[in-house]
Structure formats: C-alpha cells, structure tokens
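Please open the model in your viewer and follow the stops below in order.

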Amino acid sequence: MMSSRSLPRNLSRLLLVTFFLLTVPTALKAQDGKQLFNAKCASCHAVDKNLVGPALKGVEERWPERDKLYAWINNSSALIKTGYPRAVEVYNQFNKIQMAAFPELKPADIDAILAYIATAGTPKPSESSTSGGAAVSEEDDSDSGLLYGILTLTLAVIALILLQVNSNLRKMTDEKGNASTPEPIPFWRNKAYIALAAILLFMGGGYITFQSAQGLGRSKNYQPEQPIYYSHTVHAGINQINCLYCHGGAQESKHANIPSVNVCMNCHMAINEYAKGPKLYREDGKEVDGTAEIRKLYQYAGWDPDAKMYTGQGKPIEWIRIHNLPDHVYFNHAQHVKAGKVQCQTCHGEIQKMGEVYQASDLSMGWCINCHRESKVQFTDNKYYSIYEKFHEDIKNKRMDSVTVEKIGGTECQKCHY
Amino acid sequence: MQQKKYWQNLGELKDSEAYQASLNDEFAEELPYEAGTGMAAATAPRRDFLKYLGFSTAAAMAAASCEMPVKKSIPYLNKPENFIPGVPDYYASTWVQDGLAVPVVVKVRDGRPIKIEGNELSSLTGGGTSAPVQASVLDLYDMARLRFPLADAKEVTSFEAFDKMVAGAMAGLGSAKKVLLTATIHSQTTLAVISKFLAKHPGSEHITYDVLSASGILLANEACYGKRAIPAYRFDQARVIVSLGADFLGTWLNPVEFSRQYAAGRQLVPSKPAMSKHIQFEGMLSLTGANADDRYVHRPSETGAVALSLFNALSGAQESNPPADARLRKGIAVAAAALKAAPGAALVVCGSNDPDVQVLVNAINEVLGANGTTIDWSAPLNVRKGMDAEMARLIQEMKEGNVGALLVHGVNPAYDCFDAKGFTDGLQKVPLTLSFNDRVDETTKHCKYVIPDHHYLESWGDAEARTGYISFQQPTIAPLFKTRAFQTSLLQWSGENVEYGAFVQSYWKEKLGSQEAWDKALQDGLIEPVSPAAGKASFSSSEVVPAANRIESAKKGGKTELVLYAKVSIGSGKSANNPWLQEMPDPITKATWDNYAIISYAKAKELGISVDDNYEVEVQKPMIRIKASGRELTLPVLAIPGMHPDVIAVAVGYGRSEQTGKAAAGVGQNAYPLVSFNGRTFDYQVTDVACEKTGDQYPIAYTQTHNQYEGRKDVVREYALSEFKSHPKLLLEQREKLAEDYAKNSGDYRAEGTLYPNYPYPGPKWGMSIDLNSCTGCGACTVACTAENNVAVVGKSEVLRNHEMHWLRIDRYFATYRDDSGKDDLDSLNVVFMPMMCQHCDNAPCENVCPVNATNHSSEGFNQMTYNRCIGTRYCANNCPFKVRRFNWADYTGADSFPDNQSDAKLDPAVFQMNDDLTRMVLNPDVTVRSRGVIEKCSFCVQRLQEGKLKAKKENRPLETGHEGKWDVRTACQQACPTHAIVFGNVNDPKSPVSKVRDEDQTTRVFYALEQLHVLPNVSYLAKVRNTDRPVGLSVAHPEGVGGNHAETAH
C-alpha cells in the first residue's frame, strides 16, 4: 500500500522536477533574450508593431527555415543576394532599408531572443509603480520654523504684557504708598526701547542685506521651462534608467554631458508614445501630453515616425542650462562620481522624482566646503591614496578612523580655483 | 684678485645710481598719485571718494539684481563615437615651416586644437619643441588669414568657379612656361603631386626658394662629396664642437634636433664628469655663442680666413696670412688643439652661405675623421634644398617676360627676396600670377588669383626632414575658412579629380603595405628606419685648394660690417603676426616687439652714443642710419657685450605690411633688402657699411631691467669642469655655510630656524629641478607656458611700462671679470641662462603679507594664487625676492565683468587681436582667464596636476611621476623643453626623477636661488658647468657674494 500510495506522490515529485528542469532553462533563456533584444533589436524593432523593421511577433512562423533566419540576422545583405524569397520580400516591404548585420549573435542567442519574443507581448500585471532609489523622508523645516516664530512672538507678547502689568502694579503700590513718582515715559520715547529697536533693526537689516548679497548669483530652485518636457520621474524613476546611460560623461569628463539626440533615439525609435505611465503635470498644474513631447523629439531628431526614416533635417535641442558655476570655479564630475563615488542625488537632489529638473542645491562655496569637510575619500579602496603613508599608519594605529576630503587638501583654494 | 661679476644689465655691473634707484621701486613707473600737498588738495578728496564709493556700490547692487542671463546647453545632434566633451583628444601631426619639420602631438579640446606638444616617439626630437612650434597653434586662429579664394581681390564663391577661371587662364597661356615657386618641400606625396602637375604642363618648372638659404653647404657638398645634400650632424657624438658662426641651437638648419643632441653630449654626472667642449667663432653674440664654453669674435668677412687658418693649423700647412687679431689667433690654436685631441669625435660646423668656406669646413671635417662619425651621410637632412641661383634666374626670366604663370606657395619673395623690387617688377610681366599663401602678404597682394592653403593643423600631409624619417600630418579640425589644400588644387589642375587627403592616404597605404600599417603610422605620427648606422661619403679634395685660394684673395671688409640674423622667435618672418612670438623676449637682448641694430659698446662710443648709467634704464634708444650697397636702413641701437667691436647685427623678419596682420604691422624694419646675391649664393652679411647717428630716438620694449633681484647677488651659479672635477663639493660647502646662521646644529632650517611648525606634506609634494647645463635659453618653455596658462599678451606699449605677463622668464646673465684696477674684461664674456618662475617657497614671503589670504600654501607644497580672492594690493609682488608675480594692470584679456573696461585703455592692436572671438578659441578652458586688478604667477601647471591625479584615481593606482619613464604629470615648460633641462615631479617619492636628481645623482650641483634668504624654494637648479680653462668658477666669486650676503635676514 505504501508503495502504491507513494507512487503518485513520487510521480508528482518527478513531474515537478521535470517541470522545473524544463521551465527553468527556458525562463532563463527568455530573460537573456530580453536583454539581448533590448541591446540588439529594440532600436529598430518592437514585438507587436512595425517600426523601422517589422514587428517581430510571429517571426518564427514567417521564417519556416530556422537556418535562413539565422543567416538573415547574421548578415541580411548576403541572404538577399542569394535571392531567398522571404528575404527579398522583407527587404522590399520595408523601403529597402538594410538590416544591420549581427555576426556576433550565435544561434543560441537568437533562440533566446525568439523565446523572449514568443513570451513577450502577453500583457503582464503592471509593476511600474515602484519608484527608483531609496526615498528620503522629506524634512519639514519650514513648518517648524513657522512654529518657532509664532512661539517667539507669543512669548514676546506675554513678556510685554507682564512687563506692563508689572509696571502698573508698581504704579499702584506707589500710589498707595504716596511715593512721588515721575511722569511715566511712553515706550516710544523710552531710550531703552529706542536703543533696543535700533539694535534689532540694525541686526535684522544687516542679516537680510548680508544674506541677499551673499545670495547674488545663486539660483537654488531654478526650474526653467525646457524646449521638451523631459521627465526624470518617467525615465530615472519609473523606468529606472541608469543616470550614466545618458550622462556617461560624468564618469570620464568634467562635464556630465546632456545626451545627444541620437542617445534619445536609441530608445525612442521604438517608444513613440507615452501611454502606460501616470499622468504628467507641469509645476503650474497643466497636464503634459507625453506623446506630443516625444513628437517634439522626433522633430529635433529629424525622424519621420510614419515612414520610419530619418529625414536628415535634424537640429540639436537647445536645453536651458540649470546648473551654472562661475568661470573661476573648476568642477569635475569624474572626480566626484568615479573617484569619490558620490551619488548623483547628493548634489542634484532627488532627480528621479523631478518632472522638469530644478536646481536642488544652492551650489555655493560654503555648501561645497561643508561637504568636503565631512565626506570621506575612498582611502583604502583606491590605490592612489597608498602614497599617504602617514595617514595609513594612523588608521592602523587607530589614531584616525577615516580620511576626509579636507585632510588631503580638499578645501584648499587651488583645488577648485585655477 | 680678479672679481667675477654676474649681471643682467650695465647698471648692475657698475652699480650705478639709476640702477640703485630702480631697485627701490617695485614698479618702474610713477604710481598715479595726484599732485598736491595733501589729501585735501587732491582733485578727488575724501568726500568725493565716499560719494563714488557709495554710488558704485549702489550701481553694482542694481546691476547684480538684474535677471540672471539664461544660458543654453546644446548637445550634439549625433555625437561622434569615442568622443567625450571635456576630455581632450590627442592627434599626431607635424609642424612644417620653411622646410623645417618637427613631429608634434596636438591637444584637441572639444574640437579645438589648443596646445602643441612634441612627439616623444621621434628619435630625432625626443618630444622637444621650439618657440615657433609652440606658438604655431595661435596661427590657426589668426584673424588676418584669408577666408576665401580671391580673383582680382574679389571673393570667389566656389572652388569650381575658381578652378574654371584658372583652367581658362592656363589654357590661354599656350606653351608659355609655368613656374611653381615654393619653399623647401620634402613631403613625398607633395613632390608626387608636383611632378604630376609638371608632367601635365610641359615646360613648367618647380623652383625652391629658401629665405634662409643653405645653398653654400649644398654646393660645397656637391663639390666635395658629389651630393647636393646636407648630411645629418651628430652633436651628441662629438666631444669637441667648433662652430664658425653657425647658430645651430637657434636657427641654423634643424635646431630642435641639434639642441637635443647638444644637451645629450653635455649631460654631466658627478660619477663621470665629462662633457663636450664647444668653441664658437662669430661676429655677433648668437644664442649658440652664448652657450659656448669658449667664444672668439671676428668680422663676418673673416669667416673664410678663420676656416682656412683652422684648416692650416690642423693639416700642419704653412699659414701665409693669419688673422690679425691676436686673441682670435689664439682661439684658433686652442680650437685646433682641442679638435686634434678628439679624433673621430670632433665636429666643425659653419653658418656661412659661401660655398668656398663650406668646402674648407668639409676639408677640416675630413682631417678630423668626422665623415662617418659625427657627420652622418646615411640619412641626410632635407630641410634646405633651395638653389639661390635659380631664384636669381627666375627673376631675370620674369623680367624678360619669359614666364607665363607663377604659382607661389609658402614663400614671400616680394618681402624677403634679395631683389624684391626686381621680383615685383617681374611679376607685372607674368600673365598668370597665383598665390596659395594664407594671407594677403607682400607677394599675394600682387597676385591675380589667391587660393589660400589650409593651416597645417587642418591639413593632411607628410614630411621627411631627414631621409627615411617620415612624419605625418592629419587634420585636427575641419578647415575654419574656405581654404583648400594646395596639393588638391595642383591635382585639380593636372586633371585629377582627387582630394589630397585621399591621395595621401592611398599613397601611404600602398607604400606601407596595409591599412593596419598605415593606421599605426598615422597614430604614431611617424615612421623611422631601424637604428641606422652612421654613413660615410667619399671625399674629393680637388676643390679645396681653389676654394682656399679664392678665400685668400677675397676682398677684405671695410671698417664696419653688418650681419643679418634670424631671431629664435620670429625666424624668417613667416610667423610675424603671432603675438606670442613677438612678445617673447629675445634670449640675448631680452627685447620684444622690434628689431634693432645690435652693436658693441666700443661702436656705441664711436657713434657718439653714451652707454652711461642711464643707458639701460632708459627705453628710448638712439637711432642710427645704416647705408650699405646703395640701401639704407634706420634702426634704433642696442649695445650689448660680446659683439665684435665693428659688427652690427640686424634681425630679419620684421617690417611686415599692413595686411599681414595687426600684430605684425608696423613692428620693426625690413632688413632683407640688405641681402645680396653674389652670383652663386645669397650673402647675409655686408662687409662694408657706413653708419651714423640720426639724432632721433625710438623706444625698445626690452625686459632687461625688469624684475631685478633688489640688488641681491649670486642668484646663478656656474663653475668650470676642471674645478668640478678637482673639488666636487665646492658648491655644497658654500651652501652648508649658509645654514650656519639659522641651523648651527642640524643644518636643517626647518628643524631649527623657523617659528612655524614643520608641515609634513602627507601626500605628493611637488618640486622642480632645472639643469642650467642643459638649458640653452631658447625660450620654448616661455611660449609653452603662455599657451598652456592663457597668459595675456600686453603689447609693446605695456612691455615698455614693465607690464609683461610672462609667468616664466629666462634671466640672461653676462658674466665678466673685473681686475684690481676696476676694469671689466668684456672679452672673456660668459652668458648664463636661468629660467625663473615662481619658486613655490615653503617659507614664502608673499604668503604672509597678503591681507586677504589670496595666496597661500597648499598641502602639496606649492604656492597657490586665488584670483577670485585677490584684491590687488600687490604686497606679495613687492615682497617676492624673485620678482615672479605679475599684476594685471589693465583688462588685457577682456575678461572683466564690466564690458567697457578696455575701451579707454590705450592698449596695442595686438591685445585686441588676442581678444577677438576667433583668437580666443586658443584659450585653455581649464584655466581661468584673469581680469584686471589681480596678481598671477606660475602655478606649477596646477590644472595638469589635478588632471594627472584624477587619472591615477580613476585607474585606481598610485601616481606616476616619472619613475621608469611613466608620467601622469608634466608641466608645460618641462614638456616643451628640447633638451629636457626641466624635471618635475613628486619629491616625496624617492623613485621620481626629481628626487633622484636632488638626492642621488646630482647632489653636488644642486643649489637654490637666493638660498641665503631661507625661503625654501621648491624649485632647485643644477649649477652650470663650463668646459673651459678660463677661470669661471665659484672659487673666484666676488667677496660680496656667498660670504657677504648670507647674514641677511629672511623676511
């Protein structure tokens, strides 16, 4: 009995194992295929609609001979030359635009892509609501400031009232005791009050003058309207595109670089509408038509989305520069991003939550210096710092626990001004 | 006892009152105080001042509260691959001018070439450059460049239309002779293009015209060796070098290559104290003469006699007619003895353009066994190929109307030809005149058609300055203007519709065998033969006796003789519109922006010009009129020591026309009309001139009396090789004596002598060492520094007021002896060059006088200057003992926030040329452009330090500062130096070359400038050593030197 009872269970186990054996590799394959598809195919093809090239859904049915399909992908022009009918047909159908050759794709890779195409297109539950990056709790500085202000004011009023009461009481006792009292001086002629007011005015005015003078040329929260409504929320937040995909210069150069239009078109050749994401609003509350903004991009790129061709009439986008430093400041992105391993958000704020970008930090020298005083350099990880023998010894002997930027001269004038 | 004196100007030598007075003032001119007895009498009293202050503050506030300007960021539409904005690209190319070629690497930042470096793969130059090479990037952005082709001085809108016009004009000529006139061309592809053109147009001819000709050498070598070529010289292989007027470190043939060889032969290591001996015979004081161990002056007309006398002394022949001057005779004997003692390692070179003299020099070299050792025939030099007689013949043919078409490329005979008038007259009779020159110069002005060639940084091409050593050009920027490669034009007109760029590529691809080989060659910028062995040529002595006879019977010179020379900076005059070169002080005279007649003190006296105490403090120089062979030239005079008493020297390359450009126009006088043609070659000397004082005066902007050391002596150190061998620790002992005042026990000033704590410098600490033995004073570093650091050009009028901005100057010292009677022996003159820039003192006097802390010390050991903090008190400049700080007296750069600051200033046109939007493209974007009212100075190229450190950090490795030849950081001056005199690096790294030099290899030669002040500079020098028997050493230093000065307290 035991055996008969255990058979189905064993069988089911066996089935389970075989199921996993069968499904896991294909699942892996499909996942690889997705990556490969995005890397190699997506700039010209979509799964379920025609772009530059045909929609790839059902491609396996349209190409009955697998070998020919491999040959086509590896080198399409060679296949067209052989006169293979399906090849010639596709070539003519799509404006005789030659498909790029992918000789590096092995049959296994192509299978993976095809597997992905077969599974893709079936709608999946939306997973797009997760936002990228750790959310930082918003500080409500302004609220507490107001609170303190009200509190101070109330206390001041109470103090004033108490003073008044005090003086009245004294007056009354004096009257009772018949002591001769001088005529009371109204507070606006009271020298102590006037002096106090003058001092307060001087300090307050001085503070405001100093602050506003210091703030000249600074533009925190500067958020100009850009020629295209480009949402970092959609790109960096929802779709979690790595910052460096577009701003690759940040790793190598002093400039982070605004991406050139061809970088936009890497994806937007395929993504020609904004349909699935949340509704977009400008700061003033106006709704933004994402698809129209993508159309604007096509205008700049000189891309005809209907004919799926470049017209050659492109022109560069004149973005409005937000982060400006004075000419006498040298700032290098690579130093911070690559050598210092500083997150973009440290200076640029929560960029993944910004619709149109604004300047999150005031970019003042004090702000730079403060960070340089606190930030630690990659002292043990980066071999450059191996020459700082004394510091290494101090760390070893526990006289020091870390090395800040300031310690290696990061607050000296000619680190940024030369 | 003899006293040795080092002096930069006569006032210093004589210690004159005017000199003393000039030392007292930090700034030479009167400061603009209002006249009057006190504040109240001033025209701007206190109240007005307060009013202005209040108003300007309010105005500034109002201006600042306006809206911030909107800035745009415009990325590419389609970014080229492998290009990152903000990261420079480097392309190998080749600088070519007047037949010279230097392989270079061009730094291109965001599409703009901004700096030229030498190509270190070149075994000839080793990465060295010269001042003209460094400055050439500025010529690319020259406002005076032609922007489109011209026909009859009108714009031609398309090349097709131009080609049609030229084709029509050429067809109309029939079989008339067409002449292509160029400078020396050694580019294989260009020569191929020219031969195609010549083949297409039968009867046409290619004539090579060299402004600074070497026809004499070519003819002599043809007579002696049967080759019309110039051999390669090996100065590094020579233990004794005798030069008869050849300025081989300055302008003779291929100076960058020669400088490197020369310095290699004079490299001195204490373990093996040996160096080459260099004896110079010349009429004027040249850069090469200034570097010589022994130097003898003679009249230019005596060059042949000196060569003959030397030949006789070496071959043991009887001397029939030796030179009259006893000192010169002695010099010849000394030279002959030295040469004889170094068989197979001796070399005699001669700068004369007289074939007879060159034949004798060949004979001398034959006697010395130089042929095949120090003279190498295996790979001849191709830098000069022109035959002067051909140019004379061309002018004749043109005058006779026998030339149908004249196509001019890269030469300017209407300006620099010996018979410029004959040439322009002849040009009137040529039906088709066409110029490829880049501007409307003196020749182009007379040409009917003009189709400007690209600048070399826009061009494809190749060069073969030495046979087998091929270097390439590739475009580093798309042509800025509507210009076309001259070779493309020739190809078009020979019926081949092909671009020269494509032609070059297919030519070399075929020649090198594969695309890969060509790609590599282009990337390297050059191909070189594998370790060539020195070659010999067979010598025929048949011409020697006739040549000697002709020299013997040559006409003797008159009372006064004149020699024409080319300056290291301006050269033949092609780059006359380059403000960097114009403002670079001449190594010898320290003069900028002019040419002048250099004369001896004796001559000055004879002309009635008093070289008195005020002579050098006063910038107004008397003019003289020089009359020679029917031509006249009026020039200001500069009297310097080291000249033959009866020789006048005048630089060529000046006096350009208005259209040459803002910087060149009106600067100096054209001396080329004094060149003559003697039937065989051009003669650059006039053996009989008359001169007289005109009574007029003319200001010369020279920096001779600027930036003095406040009367402090012994800034530079020099000794003789014999002294160095016998007493190697002499300098060290003198330095130790200096420490006695402050650090009796340890000898370490930091430990005992200072109140300040001893800062440990935990990371890198930067230091520089300059070998005065290798430094030739050529000035490449000065221009490299100007280019790298956006140093402003101030123009002549401002240099006259001591306002030059160079961060790096080269102090030129004359060293003479004073005997007991107080007479200075100017015959035994030594010249020492000392590059002087901010010494980055660890105990810096400038730092603690700044009221706003705008200049302070970095944790990496250098002195940092913060422009945005500087308020312009100039206390630092006042307190700097080296006088290396520069103040922006006016808005030289146009960088002020108030736009009209330049309009009132009486600045020279050259300054405005530098501030044009086109010219400003040359600025280094990593360096702030300084505005008015701030001090600036050498920063040790801090932008390069930062870049180098970042590179190491990005690659996660320690910094490389020269160990095993790996460099993350080199300063601009170090990289430009053709002799590698400058070493820079991390002194905390014991393996870096700078540490090695200071602590291991050269401990006995190290010294610091003004060490007695204990300012602890981070720049050290290696003392100059001269290979001579004359007393030059430290042991004859004058008593007020080391012994007397060290009691002075540090500031």
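Select strands β41 and β42 of chain B: they run antiparallel and are joined by 2 bridges, with β42(B) covering residues 1019-1022. Strands here are DSSP runs (E, at least two residues), as are helices (H or I, at least four), numbered from the N terminus, and two strands pair if DSSP finds at least two bridges between them. Now pick B:V1006, which stands opposite B:L1022 in β42(B).

This is a predicted model, in which local features need pLDDT of at least 70 and side-chain atom pairs count only at pLDDT 80 or more, while totals for chains, interfaces and linings use all residues. Residues are numbered from 1 along each chain as its sequence is written, and chains are lettered from A and ligands numbered from 1 in the order in which they are written.

Then show both chains: 42 residues of chain B are in contact with 45 residues of chain A. Contact means C-beta atoms, placed from the backbone, within 7 Å. On the chain B side, α30(B) gives the most, with 6 residues.

Last, select β5 of chain A (319-320), which pairs with β2(B) in the antiparallel sense over 2 bridges. There, A:I320 has B:K72 as its bridge partner.

Note on methods. Contact = placed C-beta atoms within 7 Å.
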